[in-house]
Amino acid sequence: VRAGMVLKYMAGEALRNPGDVLPSVRPGLKVEVTREPVGVVGIVTPWNFPIAIPAWKIAPALAYGNAVVFKPADLVPGSAWALVDILHRAGLPDGVLNLVMGPGRTVGQRIIEHPGVDVISFTGSVPTGRATVAQAAARGAKVQAEMGGKNPFVVLDDADLDVAVEAIVNGSFYSTGQRCTASSRIILPSGIHDRLLAALRERVAALRVGHALDPASQIGPVVDRRQLEQDLDYVRIGREEGAVLETGGEAVRRETEGYFMQPALFSGTTNAMRINREEIFGPVASVIRVAGYEEALETASDTEFGLSAGIATTSLKHAEHFKRHARAGMVMVNVPTAGVDYHAPFGGTRGSNYGPREQGAYAREFYTNVKTAYTA
């Protein structure tokens with residue numbers, strides 16, 4: 001559904017690609033500013049949203065007149081094939097959208113290095129994203145990279161408790177926490193800490209883990225054995241660092257095969273702990289106690305990442321201040337940190353992103369080049 005919405009929206013953007021006609025400072029000249037395609041776009045996407053993320057890269061690339069070479073994550077070839085097949089059957093000319101599959105270290109690397117690929121759009125892990133940026137920049141290719149986050153969610157004393165709990169549970173644990181916009185650091189001033197922690201503990205412990213297609217399930221499996229082992233390893237690290245495991249954090253068995261894990265909630269953590277510095281990419285969240293709003297804001301921004309940040313409050317003053325001063329590309333007030341609209345810009349700051357924003361009209365900044373023409 002999300003992919004269809006993106007494709008429909010970007011089809012309209014193909015006719016909404018504005019330019020400018022400017023007067024020149026020199027008499028008798030007209031200045032025209034237009035946008036043209038960048039050429040061949042290399043697209044490398046992750047496994048967690050295997051149709052939506054490719055769609056929001058492929059759609060603008062095609063809408064603005066480019067050709068695409070698309071490499072999906074190894075774990076999700078079926079989704080990629082289905083998307084490309086649908087677009088081919090819809091009437092795309094041969095050679096405009098090309099699907100290639102294989103390991104990132106070979107196929108992905110070839111896309112990054114190939115002189116025939118003019119720009120590269122990447123979403124994935126921090127190490128791979130940084131390597132992609134460095135290698136693409138070294139040959140002068142335009143590059144866009146989205147590399148994850150360690151997103152904070154602040155709850156102030158005046159917040160609606162039910163609203164805050166639902167926003168945290170959704171942002172931290174839905175999609176099994178396998179979202180770059182997931183809330184992994186829950187920052188609570190002392191005035192609300194104990195009440196909210198108790199409510200969170202009860203809510204998280206009651207989450208139903210099971211087959212993703214079972215309507216009764218709220219949390220599905222993590223993607224594979226390696227991810228499950230990584231998640232469990234971070235639970236161990238958190239306990240060794242002195243954090244209190246309030247609930248969950250263990251692998252569980254269900255009737256169907258799968259890498260199931262009971263969502264983990266830590267308390268008694270500090271922002272210096274590894275579980276609060278490194279992206280886990282699983283159903284693990286940590287509570288950090290602070291004195292008040294000022295320390296909450298400082299703690300929220302004390303990270304190398306800057307993708308999404310959230311706050312629960314009924315105070316217009318604090319909501320407006322947080323929106324202005326949170327060091328993140330996207331800020332959410334009384335809603336989960338995960339979840340964005342297809343027509344609005346997506347992206348972060350610092351270690352979360354490199355290059356122009358994705359989605360909406362802002363996508364043209366990456367998928368087009370500006371041309372200035374003078375006419376006498």
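Q: Which residues of helix 1 are buried?
A: In this predicted model, the buried residues of helix 1 are A3, V6, Y9, M10 and E13, and the word applies because buried means under 20% relative accessible area.

Q: What puts these residues on the same side of helix 1?
A: Around the helix axis they cover an arc of only 130°, which places them on the same side of helix 1. An α-helix has 3.6 residues a turn, so residues three or four places apart point the same way.

Q: What do the buried residues of helix 1 pack against?
A: They pack against helix 2 (52-63) and helix 11 (364-367), where contact means heavy atoms within 4.5 Å.

Q: How do you know that the span of helix 1 agrees with its twelve residues?
A: At 1.5 Å a residue, the twelve residues of helix 1 (residues 2-13) should span 16 Å, and the end C-alpha atoms are 17 Å apart, so the two values agree.

Q: What makes strand 10 and strand 16 the edge strands?
A: The open sheet has seven strands in the order 10-13-14-9-8-15-16, with mixed pairing. Strand 10 (244-247) and strand 16 (330-333) each pair on one side only.

Q: Why are strand 8 and strand 9 said to pair, and in which sense?
A: Two strands pair if there are at least two bridges between them, and strand 8 (residues 151-155) and strand 9 (residues 183-189) have four bridges, in the parallel sense. F153 stands opposite I186 in strand 9.

Technical notes
Residues are numbered from 1 along each chain as its sequence is written. This is a predicted model: local features need pLDDT of at least 70, side-chain atom pairs count only at pLDDT 80 or more; totals for chains, interfaces and linings use all residues. Side-chain values use heavy atoms; hydrogens and water are left out. Helices (H or I, at least four residues) and strands (E, at least two) are DSSP runs, numbered from the N terminus. The expected span of a helix is 1.5 Å times one less than its number of residues. Buried means under 20% relative accessible area, exposed over 50%, partly exposed in between (1.4 Å probe, protein chains only). The arc is that of the directions from the helix axis to the C-beta atoms.
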